[in-house]
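This report goes through selected local features of one protein chain, then its overall figures. Please read it beside the structure.

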Amino acid sequence: MPLLEETTHPQEPPIIVPVIIIGNGPSGISLSYLLSGNKPYLDPTTVHPNPILYRKLQETKHLAITEQDLEYLSEGLEGRSRNAVALLFDTLLHPNADFGYEYPPVLQWRREKQQHIPHLVLGKATPGGAWHAMEGSMLTISLGIWMELPGVNYRDLIGGNRRDVTNDRATPEEISSYYRNYVKLKGLQKNFVDNTYVTSVQRLCRGHKMENLENGLSRLGDQRVDDCRDETFEGNGVESVSDGALGSLWEVRGYQQVQNNTHVPFSLFAENVVLATGASDSPVRLNVEGEDLPFVFHSVSNLGLAISLEKLDRNSDPILIVGAGLSAADAVLCACSHNVGVLHIFRKNVDDPDLIFKQLPKTLYPEYHKVYNMMCSQTYTNVDPSSRAQTTSMASSVCAKMCSKPQLATNAGIGLFPDYTSFPGHCVVSLQSDMKCLVQGDNALKAFKISMALVLIGTNPNLFFLKEQGQYLGQDPSKPISCKQNPIDIHPYTFECTKEPGLFAMGPLVGDNFVRFLKGGALGIAACLLKRLKKKGKLIGNGGNNIQESRCLV
């Protein structure tokens, strides 16, 4: 993410917003929908297949789900998310989905304008987040219906593009279009500010002098002042603001990129901030020699670009693909479909139970199982044992003496791509400027000439705009935030950060990497904020009068 280059901020005073959401992917979109006065109720015409949950729902069927006890409702639910509220919302939207059923949702949505909470959603591009940058021809892991957001059926929007009942996966292009159109269909555009880059989020210190606070409040004007005034803001004068009120506000700084790549700085103040940035900002690195060389990349899109520019073909040296996840498998499929040779390096053994391929049904994911078959059957063997001994003893000069062309194991599968070779239990030692890579495995060092290297071993969120890059928010504060190993520590039913009141996190940042589960974060956060504002007597009287149009920042 680009950093703020300007050293000064605009002369206009800052704006105070009840909620700022950082990230406009499916997490941010879902939350915006719930904060806009859309409330889920039990549909009286449906019956949930879980009798215990259904009985609980019947007890308070006159109340919106956001007004009920989420801990009570989600008790005992099991599934593929570590967050109980995510499991609850998922089973309400897709009952018994993990058993292969496609029951209709048991929720009906009602628009209650008086429950609207003013908010802004800041995103780097148009609504949809990272989905706009993904390869358009690949298929999602999740079924298309699992990618949909509350209130709009995915199949209704894509129309005739549906494939078939047994394989209803979608392309990223279809999903990004769905999210973009969802915002329009639900009238959420006024909450979204596109092309914005957040560079700093910090809590205001008590006793901090804000001479512009008075003007910041008055700029919202009329109802907007009423919407945003805390009980400590008894008037528009800064002298009435207590230290406690200042301590409860967050300052969000950044810039919006407008025409001609001009950066227009902004400064906002928020009572609550929601982190919905996803996990695709920073690729995980090998941290080996040569990883910054110009032929080393960390995205599948770079492979597609090289092929489209005809920089790679069947006569090229093989490409190096590092990783054993789905991104690496996508790269393998892309290279094989264009007859580009592949050297596939990964640390795990092919029989490792944690490999993602072992969790995917063959009928739904035939292409990934083809890759897994090649990983198992087309493994590297060096037919010259003396060469292996020589490379082991002469590690310092191994890149000068190339190993013989990779040989396939004798059980290579018929009909698979012949110029693919897998290296289970191997790791990359270094990458050299003369387009050679040094690989270690089987107690030996090997060197190969390559045309491109793709390091696809995962991504991590980039929370550089937070104190300590957000590390102190993790379940283990001594380690960087990682969606799998060290997610942000949150209250399980409100998604509020345990170490920062008023700061919330959702989606991959809290371990929910699938769209079907990240919507639970929206339910938990919306329920929490609605209850707090109701307790303070601050619910909006006129939901149609939002803070600003999205152009307010410029």
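F99 is exposed, at a relative accessible area of 65%. Exposed means over 50% relative accessible area, buried under 20%, and partly exposed in between (1.4 Å probe, protein chains only). F99 sits in the loop between α4 and β3 (107-111). Together with Y101 and Y103, F99 makes a nonpolar surface patch of about 380 Å². Patches are built from residues with over 30% relative accessible area and no salt bridge; like charges are joined within 9 Å, and nonpolar side chains (Val, Leu, Ile, Met, Phe, Trp, Tyr) within 5 Å. Accessible areas come from the Shrake-Rupley method with a 1.4 Å probe, and for residues only the protein chains shown count as cover.

The model is predicted: local features need pLDDT of at least 70, side-chain atom pairs count only at pLDDT 80 or more, and totals for chains, interfaces and linings use all residues. Residues are numbered from 1 along each chain as its sequence is written, and side-chain values use heavy atoms, leaving out hydrogens and water.

**Helix α2**

Helix α2 spans residues 51-59, and its buried residues are L53, Y54, K56 and L57. Viewed down the axis of α2, these residues fall within an arc of 160°, so they line one face of the helix. The arc is taken from the directions from the helix axis to the C-beta atoms. P51 and R55 are exposed on the other side of α2. The buried residues of α2 pack against β2 (38-42), α3 (70-74) and α4 (84-93). Contact here means heavy atoms within 4.5 Å. Helices (H or I, at least four residues) and strands (E, at least two) are DSSP runs, numbered from the N terminus.

**K39 in strand β2**

Is K39 buried or exposed? K39 counts as buried, at 2% relative accessibility. K39 belongs to strand β2. Leaving aside residues up to four places away in sequence, its contacts include A64, T66, W109 and L530. The side chains of K39 and E67 are joined by a polar contact of 2.3 Å. A polar contact is a pair of N or O atoms within 3.5 Å; within protein, one must be able to donate a hydrogen and the other to accept it, and residues adjacent in sequence count only if both atoms are side-chain atoms.

**Salt bridges**

Side chains of opposite charge can pair when their charged atoms come close. A salt bridge is a side-chain nitrogen of Lys or Arg within 4 Å of a carboxyl oxygen of Asp or Glu. By this rule there are twelve salt bridges. The table lists some, including the pair R253 and E251.

| R253 | E251 | 2.9 Å |

K499 and D489 both lie in the loop between β20 (459-460) and β21 (503-505), so the pair ties together parts that are ten residues apart in sequence. K499 is partly exposed at 34%, and D489 is partly exposed at 25%. Salt bridges that share partners join K39, E67 and E112 into one network.

E251 is buried at 8%, while R253 is partly exposed at 28%. D292 is exposed at 66%, and R285 is partly exposed at 34%.

**Whole chain**

The protein chain has 14 helices and 21 strands. Of its 554 residues, 53% count as buried.
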